[in-house]
Amino acid sequence: MLVSATEALKKAKEGKYAIGQFNINNLEWTKAILLTAEECKSPVILGVSEGAAKYMCGFKTVADMVKAMVESLNITVPVILHLDHGSYDGAKAAIGAGFSSVMFDGSHYGIEENIEKTKEIIALAKANGISVEAEVGAIGGEEDGVVGSGEVADPAECKLIADLGVDILAAGIGNIHGKYPANWAGLNFDVLAEIEKATSPMPLVLHGGTGIPTDMIKKAISLGVSKINVNTECQLSFAAAVRKYIEEGKDLEGKGFDPRKLLAPGVEAIKATVKEKMELFGSINKA
Ligand code: 13P
C-alpha cells in the first residue's frame, strides 16, 4: 500500500533524520529502490518527474506498476509515490491516477499566483488524503526541462506558503539539480535556519541531493531538512556499471546480451547508491 508523506516526514523531523526521495525511470529503477528500502527497513519516497511519467506511459501506468510491485515484492516499509516538480495540470492528473503525494512547483509564478494555485492543489490533495510539497525560490540547474537559476528563498515567503496548509516545503538555499560546479558556494545555512524558524515544525526538503558533501547533508538535517531528493547520482552509478559490463565485453559472452543480464550491474549499482544515502540520511531501521 502507498502512504502519504505526512506521517513519515513528521516522524523524520522529530527523530532528526531525513527520508530519501529517489527518482524512478523504469521497472529496474523501481525494483532496485523498493528492495533496498525493504532490506534497510527504511521508509522511501519514489520521485517521478512529469518527463519520467511521460516516458513510462503516463501517471496511471506508474501508479499501477508501483502498487503492484509493492504487493508482489512484499514490501512492508512505508512507500510514498510522489510527483516531483509537478505543474498545476500535472499535479491534478497525478492525484487522479493514484499518487500518494505531489509536489506543486509554482516557484516560477509570482508569489500571488503561486499561492492561489497551491491552495487549489492542497484542497484537491486533502480530499484524496495525500500530501503536498510546495516550493519557494527555484532550485537551480536543469531537470527534465524545468530550469531554475539557483535562487535562495525568502523566509517570509516560505512562511506564507507554509501557512496555506502544505505538508512539506522545498526552499532553495543555493542547491542545484545535477552535478555541482567546482566554484559552487555551498548551502546557505543562515537562510536555512531562518526558514526553519519561520516555518517550524514543517518538514523541509533539500532538492539536488547529488554531490552535496556529507558534512553539509548532516548539518542540513540538523537544521530541519527531513526529505532529500537524489536523482542524478543513481543515473551516474547505473550508467557507469552498465558501461563497465559492456567495456569488459560481457555482453558478447554467451547470453550476456540478455537485457536481464546486461542491466543487472546497473541495478546493483543503484541499490548500493540508495543504501549509502539511507545510511547518510539516518533513515535505516526507521520504517
Ligand atoms: P539531483 O539530480 O541533483 O540529485 O536532484 C534531484 C532532485 O532534486 C529531484 O527533484
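I note that the model is a predicted one.

I then listed the shell itself. The ligand is surrounded by 15 residues, and the closest are H207, T210, N229, N231 and T232. By residue class, I recorded 12 polar, 2 charged and 1 nonpolar in this shell.

Next I turned to the chain as a whole. I recorded 12 helices and 10 strands in its secondary structure. The C-alpha atoms occupy a box of roughly 60 × 45 × 35 Å along the principal axes. For 287 residues a compact globule would have a radius of gyration near 19 Å, and the chain, at 18 Å, agrees with this. I found 46% of the 287 residues counted as buried. I also looked up how far apart in sequence the contacts reach: of those between residues at least 6 apart, 71% join residues at least 24 apart.

The largest nonpolar core holds 73 residues, and I33, L46, F99, V102, L169 and A171 have the most contacts inside it. Helix 2 (residues 27-40) gives the most to this core, namely 6 residues. Which residues does I33 touch, once neighbours within four places in sequence are left aside? I recorded F22, I24, V44, L46, I270 and V274 as its contacts.

I went on to L187, which lies in the loop between strand 8 (168-171) and helix 8 (189-199). Is L187 buried or exposed? L187 has 22 C-beta neighbours inside 10 Å, and a residue is buried at 20 or more, so L187 counts as buried. Setting aside neighbours within four places in sequence, I listed I173, G174, N175, L192, M216 and A220 as contacts of L187. For one of these, I173, I also noted the C-alpha separation from L187: 5.7 Å, with the two residues 14 apart along the chain.

Within strand 5, A134 stands opposite F104.

Definitions and conventions: Residues numbered from 1 in each chain as written. Predicted model: local features only at pLDDT ≥ 70, side-chain atom pairs only at ≥ 80, totals over all residues. Near = placed C-beta within 6 Å. Nonpolar A, V, L, I, M, F, W, Y, C, P; charged D, E, K, R; others polar. Core = buried A, V, L, I, M, F, W, Y, C linked by C-beta atoms within 7 Å. Buried ≥ 20, exposed ≤ 12 C-beta atoms within 10 Å, placed from the backbone. Helix = DSSP H or I, 4+ residues; strand = E, 2+ residues; numbered from the N terminus. Contact = placed C-beta atoms within 7 Å. Rg over C-alpha atoms; globule rule 2.2 N^0.38 Å. Pairing = 2+ DSSP bridges.
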